[in-house]
Amino acid sequence: MGARDQHGTGAPWGDEFRAVGKSLRKIEGLSKATGEAVYADDIMLPGMLHAKLLRSPHAHARIVSIDTSKALALEGVHAIITGADLPICYGVIPWTKDENALAVDKVRFIGDEVAAVAAIDEDTANAAVRLIEVEYEVLHSYFDPNESLVRHEPAIHPGNKHGNISKRVELEFGDLESAFASADVVMEEDFVFHGSTHAAIEPHCAVARASADGLVTLWSSTQITHYVQREVSRVLGLPQSRLRVIQPTLGGAFGGKSDPFSLEFVVAKLALITGRPVKMLWTREEVFYAHRGRHPMQMRYKTGIKKDGHLTGVEATITIDGGSYSSFGLVTTYYSGQLLTGPYDFPNYRFDSTRVFTNKPPCGPKRGHGSVQPRFAFEIQLDELSEAIGMDPIEVRRVNDIGENTKTVNGQRVTSNGFGRCLDEVERASEWKTRRGKLPLGTGLGVAGSMYISGTNYPIYPNDMPQAGIQLKVDRSGLVTAFTGGNDIGQGSSSVVRTILCEELGLDPLDVRVVAADTDLCPVDLGAYSSRVTFMVGNATIDACRKLRKQIVEAVAAKWEVDAKRVYLGSGEVFDTEQRETKITTREAFEIAEAFHDTLGSTGAYNTPTLGGDYRGGSIGASPAYSFTAHVVEVDVDVETGMIDLKNVWVAHDCGRALNPMLVAGQMEGSAYMGIVEAVFEDHKVNRFGLHSGPSLLDYPLATALDTPELHALIVESIDPEGPYGAKEAGEGPLHPALPALSNAIYDAVGIRLRELPFTPGRVLTALRAKAALDKETKGASC
Amino acid sequence: MLRLPQFTLERPTTIEEAIQLVADANGRGRFLAGGTDLIPNLKHEFIEADVVVALGGIEALRGIEVTAEGGLSIGPLTSLVDIAESADVQRIAPALAQAVGTIAGPQHRQMGTIGGNVMLDTRCQWINQSHFWRSSLGFCLKKDGSACHVVEGGKRCVAAASNDSAPALATLAATLDFQKAPTEYGNGKRTLAFDELFKADGAWNKKVSADELLTRIHIPATPVGHKGGYAKLRMRGSIDFPLLGVAARLDVDGEGVIEHADIVVIALQARPLRVRKASALLVGAKLGAASYDDALAAVMVAAYEQCHPLPNIPGDHEWRQEMVPIYVKRALAAAIA
């Protein structure tokens with residue numbers, strides 16, 4: 001990490017922050033509220049065609065033949081393409097490119113894309129899709145990941161070296177045998193995490209236009225413009241410089257818009273073929289098929305603890321159901337083990353994670369990628385271990401707090417750490433000490449903790465270039481425009497950029513524009529994933545601001561004939577610190593600088609330091625800073641119905657420094673909501689035919705306002721030494737503890753341990769009955 | 001977004017025009033009230049229509065009136081929110097007000113009508129899906145297919161009646177006026193007791209045909225000691241269709257002794273189910289007395305034995321059966337409250 005990447009943690013130009021720490025309104029807030037914001041589907045271009053996809057009705061089949069002649073003959077149809085037109089495989093991870101925009105030879109799940117039609121309107125395109133005739137040879141389908149572990153013929157990906165195994169990672173640190181031998185209590189249990197999907201409000205949409213000279217513009221509802229540009233240009237055989245990718249206003253992503261998707265390749269190809277702009281908007285059903293949601297995992301955890309509360313070792317064996325393609329699965333498999341090694345210090349650790357292919361919609365990254373599932377299992381087991389040694393579960397978590405400026409068992413560097421304060425906050429706010437274990441039957445409190453990354457130093461495709469880049473333009477108008485490749489997906493990344501510009505240059509928010517996620521205009525940034533944006537884009541922005549500020553101050557100092565150190569710029573005015581009456585506005589300072597230097601501008605960048613353990617995969621999950629979270633959940637369980645009423649979630653999250661407390665609290669509340677709702681309402685699954693069991697927001701229910709608990713955001717600021725002004729992530733970490741804290745609260749409420757998700761009322765009742773039977777038996781035995 | 005198939009939209013202002021327009025469509029016409037059921041079903045293509053006759057302009061189909069006898073006469077185009085919030089409905093037919101207040105979400109209750117809920121199509125996890133989804137299974141009994149995915153080898157559709165208003169109206173002994181275009185055989189008008197409306201076929205669970213328009217809902221006066229309640233099982237506090245719905249009626253005398261009891265359950269099979277054996281156990285019991293508690297326990301057991309939820313709608317059907325006695329108890333509690 002170069003010095004350019006460290007900018008200090010305090011207020012830059014005075015004693016106090018002026019913009020940082022203020023709950024400024026989001027940059028796009030009003031435009032979204034008024035309807036002025038332009039989403040991908042709002043884009044209408046002259047002569048635009050509409051495209052639709054033919055999808056596979058079979059879970060696993062070989063394509064024998066495709067006949068498009070009848071469809072092509074339909075009036076209003078401009079073009080039809082199939083896999084033969086886009087034969088190059090893509091995939092976001094360079095070593096696992098196993099997807100085609102349209103199926104080549106094989107289909108791998110019900111909903112897999114087979115052909116695409118461009119027509120004068122949506123209805124014509126839909127009618128044409130039904131006229132395409134495909135002959136399939138149906139193959140054996142895999143719906144159970146345990147079958148994929150042992151059966152490899154027919155292979156879902158015939159070229160794959162390991163049959164139906166997508167990825168296996170085994171890593172061991174320390175000595176598990178002696179770890180368990182030295183423990184007072186060892187527990188070994190099975191946990192099941194079901195699948196869940198993102199359900200962003202905006203369905204995926206893409207529009208492409210090809211100019212007469214062969215330049216292609218692609219507007220897409222993506223959260224990673226850069227990877228879309230890389231993959232689409234490669235598959236289309238275009239130089240990257242001739243494909244411009246723009247992300248319009250986005251209606252949520254949560255990881256579900258991280259991969260390049262079929263529709264982006266298809267509209268670009270169809271635009272090139274037809275010479276007309278082409279749009280494709282997916283239905284909600286198609287979004288469910290595209291999925292890339294949270295992987296179902298079957299997990300076995302074995303953990304040892306001493307009577308004093310110290311953990312001795314953890315061993316995990318995990319089977320991951322990947323669905324039909326690789327997506328980010330390599331990273332998922334690593335994350336399932338690598339991200340468990342905080343916030344608790346355990347000296348011995350082993351994990352063995354295996355991701356398999358099945359004939360289901362492909363899984364991928366969802367908020368808290370790969371680590372929400374292990375966290376679920378581990379935090380429940382920790383609760384059970386606490387009970388076994390007779391120690392308060394918050395106290396056990398305190399005893400094992402890894403602390404700051406240390407290293408995890410798998411070699412990850414931990415710098416700032418506010419986990420202890422997070423525990424204090426939830427303990428205080430929930431009145432834990434006076435209420436837990438003492439509430440009436442049916443009501444309970446549960447705790448859980450977690451740690452998450454603020455970006456990672458593993459850049460998906462290895463390269464030495466910056467992970468975040470930003471460019472500033474400033475002129476005599478007084479306006480400063482930032483060009484950032486960072487994708488604002490609603491999480492507020494452009495607002496963070498604006499706040500930093502206001503802070504560093506003393507600007508009014510309305511004198512700042514942020515142009516984001518347009519590959520023609522903005523420097524490369526790796527996009528919105530891994531909770532990297534605030535940390536990396538924030539640091540890059542400070543870097544660019546300080547370079548620009550230096551130019552301006554230098555010009556003003558020359559004009560005033562004073563030392564540059566005497567020139568203050570920062571509060572909307574520029575003055576001589578030793579002669580306060582020498583004063584101009586910021587705009588006037590820009591004029592002076594433009595006259596002095598010629599046209600002004602600056603660039604900023606960020607790259608992570610070298611991090612991670614010295615072993616294969618050691619950099620995956622290695623982050624320049626980790627966030628920490630603790631939750632206490634309060635629940636009411638209806639013992640007659642088994643239904644769960646979510647009452648309160650206290651969310652304490654260490655985000656380093658809250659650059660905008662309102663946005664941080666919003667992320668904390670949204671995360672906690674998303675996590676706890678997954679546990680109670682959601683179940684992303686296929687039925688016995690391999691068909692999605694209900695691809696709609698009626699059959700896949702999300703909590704309404706009535707079902708949502710009170711969410712209490714308790715911001716903890718540990719001030720990270722390397723984050724922008726000390727900031728870390730807040731968008732994904734605060735999700736993790738919600739699910740295990742709920743399970744632990746249910747135990748406090750009614751005495752049942754739920755280790756399998758989702759917590760359906762039927763499951764709750766079954767567990768209550770089993771407990772009643774056991775209680776009776778125990779009572780009988782003691783008589 | 002799913003596309004709405006093309007059709008001709010008609011906007012008549014009289015009942016006569018409306019029924020003639022549907023009659024003229026030769027089986028390809030549909031009445032449109034609030035649209036909250038019809039529009040998604042058209043998008044899912046298991047209902048097809050060339051002509052959609054919007055009823056919104058027909059004033060004669062609106063309104064809630066208290067009759068001279070003290071009953072209710074309800075225009076089927078009355079919005080669900082107006083029914084739920086009507087003081088007259090709450091007083092005379094409390095089970096109906098409660099049931100209608102649980103239908104879908106606030107926006108749906110604003111658009112949706114009581115007539116639309118009475119005439120709601122049956123629901124099943126295998127039918128309320130897109131054309132593509134259903135086509136990948138080779139469709140099903142209700143539309144375009146020959147297999148039932150709920151009951152293996154089943155020959156009759158078991159899609160579930162899912163209208164919350166139905167069990168309430170059944171306990172209230174409502175009658176329904178229907179009208180279709182006159183023919184040489186008659187003026188097209190008929191009145192059905194609510195219980196006569198339904199048949200046990202999920203493909204079309206009504207004894208009226210699609211060209212018959214519901215023109216009025218009559219609810220006879222209820223006695224002074226009338227109590228009615230509705231309990232709805234659903235995962236969320238709003239939006240969802242019932243996983244089970246129970247309407248309960250108790251008419252009690254001045255001493256609190258139950259003279260008449262009725263319990264009707266919805267979301268089981270194609271028609272609402274009256275659990276007569278169960279409700280009969282309540283007659284003669286006295287509210288607040290031990291006799292009521294004893295009767296309630298027996299009623300719960302009897303209802304459990306009579307109701308057999310199927311895996312037709314989403315949700316664990318074995319759990320839904322376990323919920324029958326609980327929701328019978330809760331419906332009765334809602335009536336007494």
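Let's start where the two chains meet: 23 residues of chain B are in contact with 25 residues of chain A. Contact here means that two C-beta atoms, placed from the backbone, lie within 7 Å. On the side of chain B that touches chain A, α8 (131–135) and α13 (317–336) of chain B are the elements that give two or more residues. The largest share, five residues, comes from α13(B).

A word on what you are looking at. This is a predicted model, where local features need pLDDT of at least 70, side-chain atom pairs count only at pLDDT 80 or more, and totals for chains, interfaces and linings use all residues. Residues are numbered from 1 along each chain as its sequence is written, while chains are lettered from A and ligands numbered from 1 in the order in which they are written. Helices (H or I, at least four residues) and strands (E, at least two) are DSSP runs, numbered from the N terminus.

Now chain B as a whole. It has 13 helices and 12 strands. Its C-alpha trace spans about 60 × 50 × 40 Å along the principal axes. How does the radius of gyration of chain B agree with a compact globule? For 337 residues, such a globule would be near 20 Å, and chain B has 20 Å, so the two agree. That radius is taken over C-alpha atoms, and the globule rule is 2.2 Å times the number of residues to the power 0.38. Buried residues make up 53% of the 337 in chain B. Buried means 20 or more other C-beta atoms within 10 Å of a residue's own; exposed means 12 or fewer; partly exposed is in between; C-beta atoms are placed from the backbone. Of the contacts in chain B with a separation of 6 or more, 66% join residues 24 or more positions apart.

Over to chain A, and a sheet. Three strands form an open sheet in the order β4-β2-β6, with antiparallel pairing. Strands pair if DSSP finds at least two bridges between them. β4 (106–107) and β6 (133–138) of chain A are the edge strands, each pairing on one side only. Strand β2 (residues 61–67) of chain A is joined to β4(A) by two bridges. In one of these, A61(A) has V107(A) as its bridge partner.

Follow A61(A) to another residue. L139(A) sits in the loop between β6 and α4 (145–150) of chain A. Beyond four places in sequence, L139(A) is in contact with H60(A), A61(A), R62(A) and P154(A). P154(A) is 15 residues away along the chain, yet the two C-alpha atoms are separated by 7.4 Å. Is L139(A) buried or partly exposed? It counts as partly exposed, because it has 19 C-beta neighbours inside 10 Å.

Last, a helix pair. Two packed helices are described by the angle between their axes and the distance between the axes. Helix α10 (residues 372–389) and helix α18 (residues 738–750) of chain A pack at about 30 degrees, with axes 8 Å apart. Axes are lines fitted to C-alpha atoms, for helices over the stretch in contact, and angles run from 0 to 180 degrees between N-to-C directions. That angle makes α10(A) roughly parallel to α18(A). The cut-offs: under 35 degrees is roughly parallel, over 145 roughly antiparallel, 65 to 115 roughly perpendicular, and the rest oblique. Residues making the contact include F376(A) and I380(A) of α10(A), and L739(A) and Y747(A) of α18(A).
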